[in-house]
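Hello,

Here is the structure for you to look at. My notes on how its chains meet follow below it.

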Number of protein chains: 4
Amino acid sequence: MDEDGYQIYPSWTKRPVVIGHEFAGKVAAIGAQVTDFKVGDLVTAEQLHWCGKCAICRKGLYNHCRNMGRLGFVTNGAFAQYVAVKEKHVWNINGFKEIFGSEDDACEAGAVIEPTGIAYNGLFSRSGGFMPGATVVIYGAGPIGLASIALARLAGASQVIAFELSPSRQTLAREMGADVVYSPEELAKQGTSPHQVVLDLTAGYGADMHVECTGLPKVILPEIEQALAVNSKVVNLGRRAGTTPSTLSIYQDTGSQSFGSLGHTGYGTFGYIIKLMSTGRLNMRKMITARFPLERAAEAVTSLANREGGKVMVKI
Amino acid sequence: MDEDGYQIYPSWTKRPVVIGHEFAGKVAAIGAQVTDFKVGDLVTAEQLHWCGKCAICRKGLYNHCRNMGRLGFVTNGAFAQYVAVKEKHVWNINGFKEIFGSEDDACEAGAVIEPTGIAYNGLFSRSGGFMPGATVVIYGAGPIGLASIALARLAGASQVIAFELSPSRQTLAREMGADVVYSPEELAKQGTSPHQVVLDLTAGYGADMHVECTGLPKVILPEIEQALAVNSKVVNLGRRAGTTPSTLSIYQDTGSQSFGSLGHTGYGTFGYIIKLMSTGRLNMRKMITARFPLERAAEAVTSLANREGGKVMVKI
Amino acid sequence: MDEDGYQIYPSWTKRPVVIGHEFAGKVAAIGAQVTDFKVGDLVTAEQLHWCGKCAICRKGLYNHCRNMGRLGFVTNGAFAQYVAVKEKHVWNINGFKEIFGSEDDACEAGAVIEPTGIAYNGLFSRSGGFMPGATVVIYGAGPIGLASIALARLAGASQVIAFELSPSRQTLAREMGADVVYSPEELAKQGTSPHQVVLDLTAGYGADMHVECTGLPKVILPEIEQALAVNSKVVNLGRRAGTTPSTLSIYQDTGSQSFGSLGHTGYGTFGYIIKLMSTGRLNMRKMITARFPLERAAEAVTSLANREGGKVMVKI
Amino acid sequence: MDEDGYQIYPSWTKRPVVIGHEFAGKVAAIGAQVTDFKVGDLVTAEQLHWCGKCAICRKGLYNHCRNMGRLGFVTNGAFAQYVAVKEKHVWNINGFKEIFGSEDDACEAGAVIEPTGIAYNGLFSRSGGFMPGATVVIYGAGPIGLASIALARLAGASQVIAFELSPSRQTLAREMGADVVYSPEELAKQGTSPHQVVLDLTAGYGADMHVECTGLPKVILPEIEQALAVNSKVVNLGRRAGTTPSTLSIYQDTGSQSFGSLGHTGYGTFGYIIKLMSTGRLNMRKMITARFPLERAAEAVTSLANREGGKVMVKI
């Protein structure tokens, strides 16, 4: 308990835990100087624990803090019974109870804010969004891709085009708001390709925003680059080490730009998503497709390897 | 017919005409060098006829062209049997036939792009839009206000709050996407006010975007200024001569900004709206509440005076 | 001393103090967990002490923190012998010693970062700056106006036009980079006015950015509004209670915007100014025109009343 | 001569012609409906002749017009005795006579607006510029690189760092405003590299903007990517076919973006540069290092091959 009183201790007894590090739960105890939370509040916490005092944080660019702590990596993680988080990283989701019906379901919804935040940060906070009516293409319909699809639809894209190999994820992509979903493998069998589909669907103009969520840029980036509209944006969310061949002259010819995006914090991102979910505008809980009790957590982790389905939760 | 071949001559035989100057119809003839249209195309035209060569047009700020021509004002207007418009001001709406069912209905839809464009220009092109999840307040639910409501909802506002006196327009506001609609008169009777309602609905934070569509800023601006969120935007669309008292220190205290907006051209505004209407995302035709034949045009004009209902059309 | 170790205690023995609250000095002691400063560092501190945990700070909009502390207002102020400031509000200015020659002069320079930051925040962080080659008009050449002039010149305005009544401040305005400086009173005697001068100097187009630093918007805003270029920006820095009549239709006709701006923190503002002053690009110390010892502080305060000269310092 | 009267015919008798296509001269004749020019005006013309009616031009993104004409490529070029250009592509530079002293020198200055415009478009119109005080790095000091250096300095960079192999261009880079200029070859001999120099000069933070002007991105991009500051911008101006390996994860880790830029038209770019040169703020004529009469034009072209010196002019 420090003099700034930032710590709060969410209770994990009712906490659903998304594989990895996202979570939501009920506050079990609070530090002496905590001002904005009380015991019993439903909360979720950001995973990126920025310091608030380095030169980068002072610019408000919290995702790139020079002294970043990460919940579940450098501190006690999300599978622990209790976790202490500074107040400044915690968000109130009491409003979820009414819309999702039960505390359990509210916590499930709270636990998917973080992956939604990664997409929100990439599409809107970092890249500045798109004009309503634009065409948006999402490559890959894992959790981040699904969130990108839902958000592109929510923010007024006139066409949301998705590419995804897994049939179960294709179905989820449609449920989250994709107008059309294609398998690159199926397209190849038909002698066509993602970029050709995008050009066909846009009268040859190309798409205004491309969101890379596969982590396979060597395959995807050439497709994106052949389907860039004038003044389009590429948002790189998928992670991959090493280099990717990029045709820079295409960005020049089309006057386009590419954004690297990482993280989910700052800009009010969690706050906006909480408002969208509290008002029923956005239901990201739909992307949870499997739930495991803590004793079967290893099984949950294994289930991720096949790149099928949506978000997998471990519930404590 | 000039060597640039810009003129096209839409046929007005099947043309619905919105009171004033917006219209849509079928192309009856084209100039020798017209490249992008053919006889029989369904089209609408922008009303602001920018020159394309002044210093302002060269910046792409067409709404503020120094040599602006206005259809129906300085040239032959929208009630004439044929109108000649340069190709660069005309937009193809052939795609409306499928979604709206008939050429007549397609033309009706085409004729409301212009007022929708005024709202789109104000909210997005000029003011840069809002973050998905933001709270947007629309003051006045005439045609421009109704379009603002529909667009705010479409672009992902989590709350769309409207204020409007007329019961018929209140109903339309709800149909176009407002979550709640209040009459300032009714609020006054209850001892409250628009700004108090906005503060109540936003936990005291205020709204992120305020769109003035009444043309009565002396009444409305003080309400807006008492309900500004930090970093909020005021978009002034309603027209009114003279001065309005403004409390500048509130914009400073909240770090807010105010945008004057006028016009509907440039930025691809018509193009985006056509895509939104062609894909079924946006149905602005719903705001047409009265239709008059040409011989009863005077009656149509009269019907506007009471500030009731939505868009009034004269059909030829 | 808290567990976060944020406090640092600058020594005021060599500290020049600008009237009010800005200051610079040498660190006399540091908290146990301070990581980025050491005893003997030359530093200055921001005056706005944001909490870092409210919803507004989490967006990075520190100037509008909901729990703002202010040095010299709610905590021990700038005339005290020692002041304790959290590390996150403090900036290192060791680099000033080389460029300004002595510790004393370095501290003087450090003490004028804050007013420069108010101008920087208004012109660049809040309003997004102007295109190089733009015409910028500054109304009022007190400390904030002088900083605005210097920054407008620095950032590539092709014309910097200033209006100021006081002859001593007119001279300072020219020294800080104004191309031309006019007295509104003299213009009135000649039968002309500020807006007419701006229109004359811009071939009738008006100016791209207008910075209000007089705190007399009832007089100045009408001048600004008659000289708005298309797509121009008005930056309101001067403070004044009450309402100001504003002609909203002009902002519509010209597609212009108005920004309320307050504060100097966030966005890396202090950091950028420190780099500009360390590299010799910007010398804001030139605007210090009077220095008083602490025992004559009352005299210093009195000297401000006549609105003559630049920045007045009290040195301890 | 068309009914829109757009054509103007500059006289080439006094016209200096930059190798390739940029030029300036005196108007010899005008079309019947030309409104903004008269015989005898000193003018320069943009080289990119956008149509003004395609979907891209209607967005104001003229550099990417779908029907682009290019002076000197698809129409009569810059070495012809007379050239006809539509009024909308021509800019008045009468104001250069006073500042540059003679018509000849004014035309020389006019002829370097185009390459300056390519840099201006990349740094400001396309990429949104940098905060005053930022660190800007220019790779390559040919004409576009030299213009980028001058503009970065003009717009308030606190550090302008240049990399260039040619000694003559290194000298020009310093004259145009670079604070430091390094030869990558010399750095390699010393066991260091461009990115290490940038990190050293920025206390490890990296540079805020990187401008690629060499056309050798395979060599330069890896250097840039190792010296990206958080939230930095890469502006690709140099042209090169084929792919370049890019480490996308670095843009994610630093929250950075990359802009493809091409062209010089739109956004008022020529207008801003003309104002900067007319007011003496910017003297791009300094980068002209060789002048040939028309009969030695072949020699002029040859002189470009060695990548030495600045701009080469052919004078008629």
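**Contacts between the chains**

Two strands pair if DSSP finds at least two bridges between them; helices (H or I, at least four residues) and strands (E, at least two) are DSSP runs, numbered from the N terminus. Within this pairing, A:Pro245 has D:Pro245 as its bridge partner.

This is a predicted model, in which local features need pLDDT of at least 70 and side-chain atom pairs count only at pLDDT 80 or more, while totals for chains, interfaces and linings use all residues. Residues are numbered from 1 along each chain as its sequence is written, and chains are lettered from A and ligands numbered from 1 in the order in which they are written.

A rotation of 180° with 0.0 Å of shift along its axis superposes chain D on chain A, with an RMSD of 0.0 Å (least squares on the C-alpha atoms of residues with pLDDT of at least 70 in both). That is the relation of a two-fold axis. In chain D, the C-alpha of D:Pro245 is nearest the axis, 2.1 Å from it.

Chain D has 31 residues in contact with 31 residues of chain A (C-beta atoms, placed from the backbone, within 7 Å). On the side of chain D that touches chain A, helix 10 of chain D gives the most, with 6 residues.

Regards

Notes: Contact = placed C-beta atoms within 7 Å.
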